[in-house]
Amino acid sequence: MMQAQPNSFPPVPPTARIVILTGAGISQESGLETFRDPDGIWAKVRVEDVATPEAFARDPDRVHAFYNMRRARHRTSAVVPNAAHAALARLEREWPGDVLVVTQNVDSLHERAGTTKLIHMHGVHSQARCNGCGHVVPWDGDMSTANVCGGCGRAGGLRPHVVWFGEMPLEMSRIQEALSVCDLFISIGTSGNVYPAAGFVRLIRRIGQAHTVELNLEPSRGANLFAESCYGPASQIVPAYVDGLLNGA
Ligand code: BV8
């Protein structure tokens with residue numbers, strides 16, 4: 001495992017606008033599984049069976065069981081924000097410039113750590129959406145085809161308010177706007193496999209004004225696209241990187 005490298009780049013000016021992309025790796029030390037690690041979610045269940053609109057149309061009970069299991073896991077007392085989530089919330093509080101977290105994660109660990117400027121581009125499993133009328137409501141317990149939509153009164157159409165493969169991620173124009181003006185782009189805990197998130201660093205490089213940093217356990221698929229990188233567990237390297245930013249501010 002490559003160890004954290006000292007930050008040998010010029011200090012980031014305190015007016016810098018920061019966009020941070022996070023993936024499942026930032027939540028791994030909180031006890032939530034990643035997707036593509038050897039013991040990850042996709043090693044146990046196929047995307048085509050649980051994370052596409054076609055899967056939900058074909059076998060909604062199976063898809064509900066998959067998300068009910070993940071929602072229940074997330075509710076256990078052992079799953080709490082780790083030092084990486086806390087460091088990003090501190091950065092938002094103490095950094096003079098704008099800080100926006102764009103997460104691919106459907107858990108609520110960033111909010112629970114105190115991050116408020118946050119976009120869940122792949123949705124959240126703590127909300128339900130009606131396939132019939134689009135009504136979105138908070139959802140904490142199990143969900144099934146027996147549940148009735150509070151908006152249209154129909155049963156059977158409620159689904160987790162998450163973005164499946166083949167569906168458009170949420171708030172893409174707001175994300176693209178933030179990427180187009182940012183001065184620092186930090187990617188944390190993502191393997192760089194899933195688009196459009198995996199393409200953000202290419203967009204940033206095309207615009208050419210922002211410094212790009214990858215903080216991950218190991219090099220992602222897009223590792224060579226980042227100007228700076230630091231490898232190790234997020235709970236260690238993210239607080240260290242945030243300290244470096246705030247000490248230089
Ligand atoms: C779309 C659902 C278009 C919720 C998920 C090119 C361009 C555009 C699209 C595509 C394209 N090529 C292919 C596509 C289609 C597809 C795609 O990208 N497929 C891939 C597999 C090739 N993309 C889509 O379908 C997207 N939609 O493009 O729509 C469109 C246009 C018009 C109209 C309609 C549609 C939708 C993608 C969203 C899919 N939904 N999740 C859920 O169940 O969670 S994706 C799923 O993968 C999760 O959201 C997850 O967050 C995401 C990415 O995974 P990672 O977060 O990176 O997790 P992973 O396990 O892979 O990696 C973890 C990393 O952490 C590793 O690197 C590991 O080393 C590291 N790590 C582990 N432990 C630690 C650590 N790091 C630090 N510390 C640790 N302790």
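Trainee: Which residues lie nearest the centre of the second largest pocket?

Mentor: This is a predicted model, in which local features need pLDDT of at least 70, side-chain atom pairs count only at pLDDT 80 or more, and totals for chains, interfaces and linings use all residues. Residues are numbered from 1 along each chain as its sequence is written, and side-chain values use heavy atoms, with hydrogens and water left out. A pocket is an open set of points on a 1 Å grid over the protein atoms alone, where a 1.4 Å probe fits, with protein on both sides within 12 Å along at least five of seven lines; lining residues have an atom within 4 Å of a point. Of the 17 lining residues here, those nearest the centre are Gly192, Ala198, Val201, Ser220 and Gly222.

Trainee: Which elements give two or more residues to that lining?

Mentor: Helices (H or I, at least four residues) and strands (E, at least two) are DSSP runs, numbered from the N terminus. Two or more lining residues come from each of strand S7 (184-188) and helix H8 (200-207).

Trainee: What is the strand order of the open sheet of 6 strands?

Mentor: Two strands pair if DSSP finds at least two bridges between them. Strand S1 (residues 18-22) runs parallel to S7, joined by 5 bridges, and Leu21 stands opposite Ser187 in S7. The edge strands, each pairing on one side only, are S3 (118-120) and S9 (228-231). With parallel pairing, the order is S3-S2-S1-S7-S8-S9.
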